[in-house]
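Open the model in your viewer and keep the selection tool at hand.

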Amino acid sequence: MDKYVFITGATSGIGEACARKFAQEGYNLVVTGRRQERLSKLKDELTQLGIKVVDLCFDVRNLEAVEAAVATLSPDVTNQLEILINNAGLAVGRDTIDQGVVDDWERMIDTNIKGLLYVSKTIIPILKQNKKGHIFNIGSIAGKEVYPMGNVYCGTKHAVDALSKAMRIDLVNHQIKVTNIAPGAVETEFSVVRFKGNQEMADATYKGFDPLVGKDIADTIYFVASRPQHVTINDLVIMPTAQASAVVFNK
Ligand code: NDP
Ligand code: 8X3
């Protein structure tokens with residue numbers, strides 16, 4: 001197979017699991033993130049499967065860096081680019097709205113909303129030229145519900161939910177599918193980042209129940225991506241069986 005999938009945030013968690021899943025299924029990859037060492041390691045490992053892997057190290061918050069990185073892709077890659085997985089994102093902090101740290105808010109807004117927009121704006125012309133494509137936006141249960149001290153993170157993921165709907169409308173005439181994926185609790189580096197390196201608090205998030213892992217989301221995304229061309233799955237909420245809403249768990 002010659003098809004390429006472009007994954008943001010492939011250095012960890014859900015994005016890394018997507019890279020592994022699509023590689024196993026024979027897709028070529030463009031893997032991206034800010035940690036070059038991890039990208040190089042992943043590239044070395046997945047190339048062994050006989051697929052092609054391009055690694056691009058950039059920060060999605062920097063439009064010029066996004067554009068410069070994508071401009072380095074050869075036509076061999078862009079002409080076969082079919083899938084974009086807008087996965088890079090993060091929560092930082094868990095405070096009431098009045099106690100929130102403005103720098104945390106800006107990191108979340110700049111990454112989860114503006115970064116997703118910058119990457120989409122850069123990749124969509126390639127998909128349009130190829131006359132076909134599939135964009136996966138990794139939203140969250142936090143884009144469907146709001147929970148205590150989730151304020152700005154929930155706001156960014158509600159924005160992703162709205163942007164998925166908007167993209168679907170604006171791209172329907174170009175055979176570009178848009179799927180919003182809204183996971184509940186997935187054990188990745190997400191909570192370590194949210195709690196600013198406090199491993200104990202991160203571990204407590206997943207204690208007492210069986211959380212999802214990155215592979216669960218990657219398998220689902222692959223299932224959605226492998227439906228026939230005339231079928232689109234628009235929106236999926238995926239939870240651990242022990243989770244009933246953003247805050248209700250069987251622990
Ligand atoms: P991880 O922290 O494990 O992975 C996050 C990825 O995003 C990393 O690869 C990181 O790469 C990348 N990233 C973060 N900021 C930037 C940036 N500025 N520029 C480029 N890449 C960036 O978390 P998850 O895998 O859990 O998170 C993936 C997505 O899933 C996020 O959008 C998150 O909001 C969403 N999500 C997660 C859930 C969970 O419970 N884990 C549930 C619902 C949604 P690097 O640091 O190398 O740049
Ligand atoms: C991550 C899941 O519930 O912490 O998006 O918001 S949650």
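Which residues are around ligand 2? Select Ser140, Ile141, Ala142, Tyr147, Tyr153, Phe190 and Arg194. Keep in mind that this is a predicted model.

**Stop 1: the shell of ligand 2**

Colour the shell by residue class. Five of its residues are nonpolar, one is polar and one is charged. Now show the side chains and look for polar atoms facing the ligand's oxygen atoms.

Start with Ser140. An N or O atom in the Ser140 side chain is 2.5 Å from an oxygen atom of ligand 2. Go on to Tyr147. Here a polar side-chain atom lies 2.6 Å from an oxygen atom of the ligand. Finish with Arg194. A polar atom of the Arg194 side chain is 3.4 Å from an oxygen atom of ligand 2.

How much of ligand 2 does the protein bury? Taken alone, the ligand exposes 240 Å², and the protein buries 83% of that.

**Stop 2: the largest cavity**

Leave the ligand and turn to the cavities. How many cavities of 30 Å³ or more does the structure hold? There are three.

Take the largest cavity to begin with. It holds about 80 Å³ of space. Select Val92, Gly93, Asp95, Met108 and Asn151. Among the 15 residues that line the largest cavity, these five lie nearest its centre. Next, show helix 5 (102–130) and helix 6 (151–171). These are the elements that give two or more residues each to the lining of the largest cavity.

Colour the lining by class once more. The largest cavity has seven nonpolar, four polar and four charged lining residues.

**Stop 3: the second largest cavity**

Move on to the second largest cavity, with about 40 Å³ of space. Which residues line it? Select Thr8, Val60, Asn86, Asn87, Ala88, Thr111, Gly115, Leu116 and Val119.

Keep helix 5 on display. Helix 5 gives four residues to the lining of the second largest cavity, the largest share. By class, this lining has four nonpolar and five polar residues, and no charged ones.

**Before you close the viewer**

Go back over the stops.

Note on methods:
Residues are numbered from 1 along each chain as its sequence is written. Chains are lettered from A and ligands numbered from 1 in the order in which they are written. This is a predicted model: local features need pLDDT of at least 70, side-chain atom pairs count only at pLDDT 80 or more; totals for chains, interfaces and linings use all residues. Side-chain values use heavy atoms; hydrogens and water are left out. A residue is near a molecule or strand if one of its heavy atoms lies within 4 Å of it. A polar contact is a pair of N or O atoms within 3.5 Å; within protein, one must be able to donate a hydrogen and the other to accept it, and residues adjacent in sequence count only if both atoms are side-chain atoms. Accessible areas come from the Shrake-Rupley method with a 1.4 Å probe; for residues, only the protein chains shown count as cover. Ala, Val, Leu, Ile, Met, Phe, Trp, Tyr, Cys and Pro count as nonpolar, Asp, Glu, Lys and Arg as charged, and the others, Gly among them, as polar. On a 1 Å grid over the protein atoms alone, a cavity is a set of points where a 1.4 Å probe fits but cannot get out, and a pocket is an open set with protein on both sides within 12 Å along at least five of seven lines; lining residues have an atom within 4 Å of a point. Grid points are joined across faces, edges and corners, and a volume is the space filled by probe spheres set on the points.
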